[in-house]
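Open the model in a viewer and keep the selection panel at hand.

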Amino acid sequence: MTDRYLITDREPQALYQFFEDISRIPRVTGNEKEVSGYIVEFAKKRGLWYYQDHMYNVLVRKDASKGFEALPPILLEGHLDMVGAKEEWSSHDFNKDPIELVAEGNILRANGTTLGADNGCAVAVMLTLLNHDGLVHPPLECLFTTQEETGMDGMKGFDINQIRSRRVIGLDAGEEGVFRMGTTTKIEMTSALPVNRETISGNTYEIVVDGLRGGSQGESIPKERICAIKMTFRVLHFLNKEMDARVVSAERLGSGIAESCRAVISLESGDECRMREILNQQQDLIRREYRECDPDIRIRAFSVTPQTNLMLTKECSDNLIHSIYLVPYGARNRKPFHHEVSCSVAVKKIYTQDDAIRIYSVISSEEKEQGDALKEEMRTYLILRDWKVEQEEFDYGWDWEEHSPIRDVMVRTYCELFGTEPVVNISHGGNDCVILKQRIPDMDVVTTAATYRDCHTPNEHLYMDSFEKVYALLERTLYNLTKI
């Protein structure tokens with residue numbers, strides 16, 4: 001059977017085989033029925049107790065090793081769904097096609113699509129542990145959730161009465177050697193700029209900004225990665241200094257830092273050749289400014305026939321361009337003498353509708369006070385620019401606790417295995433453990449993950465040695481829990 005697997009030279013083999021198995025199953029958010037069924041069949045074949053709900057969440061239990069039946073149980077948790085993003089040239093259909101894996105030395109990636117290491121690594125780790133007949137462990141529960149990427153809806157809908165454990169190791173936050181002891185509070189804002197329109201009279205172009213690395217807010221902002229939405233309106237700002245470039249529409253939908261954005265404009269006055277010169281100048285400038293973090297930005301213009309014959313009036317278009325060009329973005333607070341960001345803001349979506357241009361922004365903050373201050377700054381700025389803040393949602397994080405027995409065991413185990421101390425900090429990414437902690441307040445929580453970069457983008461890639469180390473850490477941690 002090994003001839004059906006790509007990765008045959010790394011251990012443990014089962015870890016990679018399970019990862020490859022689930023990579024063959026389409027599992028973007030909302031399409032988890034088949035992969036959930038795979039987990040159920042896995043449990044049935046091994047005689048393991050399981051519970052599957054109407055949202056296709058699955059909880060699997062493995063009885064304790066002989067002699068440790070009376071120990072308190074431990075829960076491992078990860079999600080089944082993945083984000084589907086692909087390169088423009090890719091014909092991949094996330095609803096039916098398997099992920100095409102590519103191994104390059106220690107790196108595992110996909111061919112033109114997201115890899116699904118977020119959170120397929122967690123699924124493969126849990127399946128490997130459940131499959132391990134020689135594992136020494138207390139009573140073990142493994143929870144595979146759905147719809148995590150669109151708001152953690154699977155965990156929100158799961159019957160928590162099925163969970164016996166009061167300590168959990170989440171496998172969807174952190175990286176190898178980094179443990180999360182809490183998560184930030186998120187403030188999500190949807191804002192609208194009412195617009196007036198008039199008939200287009202100039203030549204129309206689609207301005208495309210792409211080639212950026214993007215990624216999640218927690219990963220990208222500390223690395224100074226730039227936002228394609230912001231860069232698009234920077235370009236339009238400099239066009240408008242020499243000519244009359246009117247916005248017809250602007251679009252970017254996604255869940256992370258924008259790696260691409262498209263805007264249709266009408267060149268009401270000005271020369272096309274000069275427009276292209278300005279675009280090239282801005283491309284060169286931005287590449288130099290951000291050569292360490294985003295050196296591959298592309299700025300292009302294509303002559304198009306828009307779907308509408310209306311553009312924004314001069315006043316509305318200028319206000320939109322200035323608003324997005326100047327809107328707060330990026331790190332607001334960093335910890336002293338440390339690269340970690342404690343508070344940040346990002347505009348993640350822009351879209352054109354009949355009555356307005358709308359943006360969706362997210363503030364992520366370790367301290368509620370910092371988040372509130374930045375929210376007030378954002379609100380004040382937008383209102384002064386004639387925007388209306390239509391909706392605010394607060395996603396309160398999981399507050400860290402000074403004393404965490406499960407975290408202490410994980411830290412000791414890491415030192416024992418690898419001879420160094422892990423980093424323990426706060427996560428800026430949302431994950432199911434936030435909901436789990438809210439619903440079971442006495443749950444003792446710690447999280448970690450394999451090291452995968454650029455998740456939620458076609459550049460997503462996994463460092464395989466980190467995958468193996470996380471598995472080894474979990475296996476030894478379960479053993480150490482039997483010695484307490």
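Select Met231, Arg234, Val235, Phe238 and Leu239 in α6; they meet Met275, Ile278, Leu279, Gln282, Leu285, Ile286 and Glu289 in α7, where contact means heavy atoms within 4.5 Å. By class, 9 of the contact residues are nonpolar, 1 is polar and 2 are charged. Ala, Val, Leu, Ile, Met, Phe, Trp, Tyr, Cys and Pro count as nonpolar, Asp, Glu, Lys and Arg as charged, and the others, Gly among them, as polar.

Before going on, note that this is a predicted model, in which local features need pLDDT of at least 70 and side-chain atom pairs count only at pLDDT 80 or more, while totals for chains, interfaces and linings use all residues. Residues are numbered from 1 along each chain as its sequence is written, and side-chain values use heavy atoms, with hydrogens and water left out.

Now show both helices whole: α6 covers residues 228-240 and α7 residues 272-289, and they pack at about 135° with axes 10 Å apart. Axes are lines fitted to C-alpha atoms, for helices over the stretch in contact, and angles run from 0 to 180 degrees between N-to-C directions. The angle makes α6 oblique to α7; under 35 degrees counts as roughly parallel, over 145 as roughly antiparallel, 65 to 115 as roughly perpendicular and the rest as oblique. The crossing of α6 and α7 is right-handed, meaning that the near helix is turned clockwise from the far one by less than a right angle, with anticlockwise being left-handed.

Next, colour by domain. Domain 1 is 11-182 + 397-480 and domain 2 is 184-393, with bounds from an automatic or database domain assignment. Their centres, taken over C-alpha atoms, are separated by 34 Å. To the contact, domain 1 gives 15 residues and domain 2 gives 21. Between them the domains bury about 1400 Å², 39% of it on carbon and sulfur atoms; buried area is the accessible area (1.4 Å probe) that two parts lose on being put together, summed over both. Which residues of domain 1 lose the most area to domain 2? Select Glu88, His428 and Asp454, which together account for 41% of what that side buries.

Three backbone details come next.

- Glutamate 11 and proline 12 are joined by a cis peptide bond, omega about -5°; proline 12 sits in the segment before α1 (13-23).
- Aspartate 118 and asparagine 119 are also joined by a cis peptide bond, omega about 15°; asparagine 119 is in helix α3 (residues 117-131).
- Glutamine 147, a residue other than glycine, has a positive phi near 55° and lies in the loop between β6 (140-145) and α4 (153-157).

Finish at α1. It packs against α2 (residues 33-45) at about 140°, axes 10 Å apart, and the two are therefore oblique to each other. Phe18, Asp21 and Ile22 in α1 meet Val35, Tyr38 and Phe42 in α2.

Then turn to α1 and α3, which pack at about 130° with axes 8 Å apart. The α1 side of this contact is Ala14, Leu15, Phe18, Phe19 and Ile22, and the α3 side includes Ala117, Gly120 and Cys121. This contact has 11 nonpolar, 3 polar and no charged residues.

Notes:
Helix = DSSP H or I, 4+ residues; strand = E, 2+ residues; numbered from the N terminus.
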